[in-house]
Amino acid sequence: MDVSNLAFSIAMAVLCLSSITQANFKIPKEIAKKFSSDPEILSLASTDYGHIVHETPLKVFEPSSVSDISSLINFSNSLPTPFTIATRGKAHSLLGQAQTRNGVVLNMTNLKGSLISVSNCGRKTSLNCYADVGGEVLWIDVLHATLKRGLTPLSWTDYLYLSVGGTLSNAGISGQAFRFGPQISNVLQLDVVTGKGELVSCSRDKNSELFYGVLGGLGQFGVITRARIPLGPAPTRVKWLHLLYNNFSAFSSDQEHLISFSTAADYVEGKLLFSQPPLELSFYPDSDHQRITSLVTQNGIIYIIELVKYYDSNSQAFVAKDVADLVKGLKFVPTFMFKKDASYEEFLNRVYAEELFLRSKGLWEIPHPWLNIWIPRSRISDFNEGVFKNIILKQNISSGISLIYPLNRNKWDDKMSPVTPDEDVFYALSLLRSTSSMDMLEKYQTQNRQILEFCKDAGIKITEYLTGNKTQQQWMEHFGSKWKLFADRKARFDPKRILSPGQGIFSK
Ligand SMILES: Cc1cc2nc3c(=O)[nH]c(=O)nc-3n(C[C@H](O)[C@H](O)[C@H](O)COP(=O)(O)OP(=O)(O)OC[C@H]3O[C@@H](n4cnc5c(N)ncnc54)[C@H](O)[C@@H]3O)c2cc1C
């Protein structure tokens, strides 16, 4: 037994009570050198964007090919007591979802974006245009590779430095999702190494149970190693608008109006400004900051529709009229409409500028007690009263960035793993907080719990998104009538419950 085999076997002995047999197990030769126990690498693998949960793995596995991933999973399956494997994309999870205690972290980024291949297709019609991308690839790299061909994916997240496998394991939503559905609705095929170590290609027509399970499947059924993403013609520029409202019902009915016809707007989101400093006003000209601040102070909360219309040289002549038609009849506060013109890439990659700024202030790698929930449309005004006005506004803690926008449920496929509220339209709410103070962290976490309790008491059937740190009973409640399907898929594709233990669905 060479040194690395011995070290790993000792680690396994620590891990398992049935270690006497395990200690004699040999790591397959072809992957033996791909395990790292460098303290710095272990320390990196024991944290994530949330900076709230920290679990130290035994080893980090650095694959250089898909077959290394199969070998790793096969090795675990071959042991009397398999070790857990936490697939880690960019680790922008919030609550340890890509971590494992005493198991192995599978570091997908070690594959180094091996694969982005754009099909040969008719750009004008975008017929048969797609990109094959590795699960480890970041969306920003998909954007760059496809723009070179005048093409683009259709559905995005707000932030692009996330891995394809990571967002497809959740849902992947942004302001385009009302029109094209979440990112999981925009996948033609997948290659997946299942929890049994088998490499399987799947789609809606082939091995469909695995395909539907993996999309939004929280990493439970397999490791996504390739996704085929449909592409359309890329616009070159965007008209980017903010419309400010002091009346929630006007705001939400205008948002719902905008998402009710699928071809006019290209992106619809919403933001909230609470009269709690600091106000984030970077979108607006300096000369308008004073009057916006007064509007927020007078009203307590201002609701903002963020609306985008794409264009290129062919549609440039009409875009001003298209935008005028879009906003005609909308009931924002008169004169509180703000417009920007930006390149398509600048718009899509807008959060990156914020990241650079926060990094420069040391405010990126700090705890993020975020809350992401989906709210049925029928209860959105109760939510406004109960949560925005009676919880967040009344507490004297900075609200952070708050996003709220409606989505059309008919753009989601119920055969896929995520659960959504059971109404034609539901709202995505993101309370994006960060703090370096432990005291504030506690306050935000308390506020998050109060919001969830309010919804429960008021009978508002919300769904949590990007959630974690739950007991199995809470996960069963989360999945509701879909729990049996989810558990059956687990038994079929990862029967030894090896994968993504950090979600805590089958392992807590
Ligand atoms: C700044 C920021 C902005 C965000 N904006 C949005 C947004 O606008 N819309 C949105 O929907 N989400 C958003 N998110 C959430 C984001 O989509 C998820 O956190 C996503 O998981 C991040 O991808 P990742 O590569 O970091 O995944 P990781 O954190 O590495 O992994 C997430 C989960 O997926 C599993 N996993 C990772 N890779 C694979 C793979 N290849 N195969 C199978 N399972 C895998 C992991 O085991 C883990 O359980 C945002 C997050 C951040 C930090």
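**Cysteines and a domain interface**

Author: Keep in mind that this is a predicted model. We take the cysteines, then the domains.

Reader: How many disulfides does a search of the whole structure find?

Author: The search finds 1 disulfide. The bond runs between Cys121 and Cys129, with an S to S distance of 2.0 Å.

Reader: What is the handedness of the link of Cys121 and Cys129?

Author: The link is right-handed, with 95° about the S-S bond.

Reader: What about Cys202 and Cys455?

Author: Cys202 is buried, with a relative accessible area of 2%. Cys455 is also buried, at 1% relative accessibility.

Reader: Now the domains. How is the chain divided?

Author: The chain is divided into domain 1 (3-110), domain 2 (116-233), domain 3 (237-360) and domain 4 (366-469).

Reader: How is the size of an interface given?

Author: Often as the accessible area lost when the parts come together. Here, domain 1 and domain 4 bury about 780 Å² between them, and 61% of that area is on carbon and sulfur atoms. On the domain 1 side, Tyr49, Ile52 and Leu94 lose the most area to domain 4, together 56% of what that side buries.

Reader: How many residues of each domain are in contact?

Author: The contact involves 8 residues of domain 1 and 12 residues of domain 4.

Reader: Which polar links cross the interface of domain 1 and domain 4?

Author: There are 4 residue pairs in polar contact across it, and 0 salt bridges. The side of domain 1 that touches domain 4 has 5 nonpolar residues, 3 polar and no charged.

Note on methods: Residues numbered from 1 in each chain as written. Predicted model: local features only at pLDDT ≥ 70, side-chain atom pairs only at ≥ 80, totals over all residues. Heavy atoms only, no water. Disulfide = S-S within 2.5 Å. Buried < 20%, exposed > 50% of the residue type's maximum accessible area, 1.4 Å probe, protein only. Domains from an automatic or database assignment. Contact = heavy atoms within 4.5 Å. Buried area = accessible area lost by both parts, 1.4 Å probe. Salt bridge = Lys/Arg side-chain N within 4 Å of Asp/Glu carboxyl O. Polar contact = N/O pair within 3.5 Å; in protein donor to acceptor, adjacent residues only side chain to side chain. Nonpolar A, V, L, I, M, F, W, Y, C, P; charged D, E, K, R; others polar.
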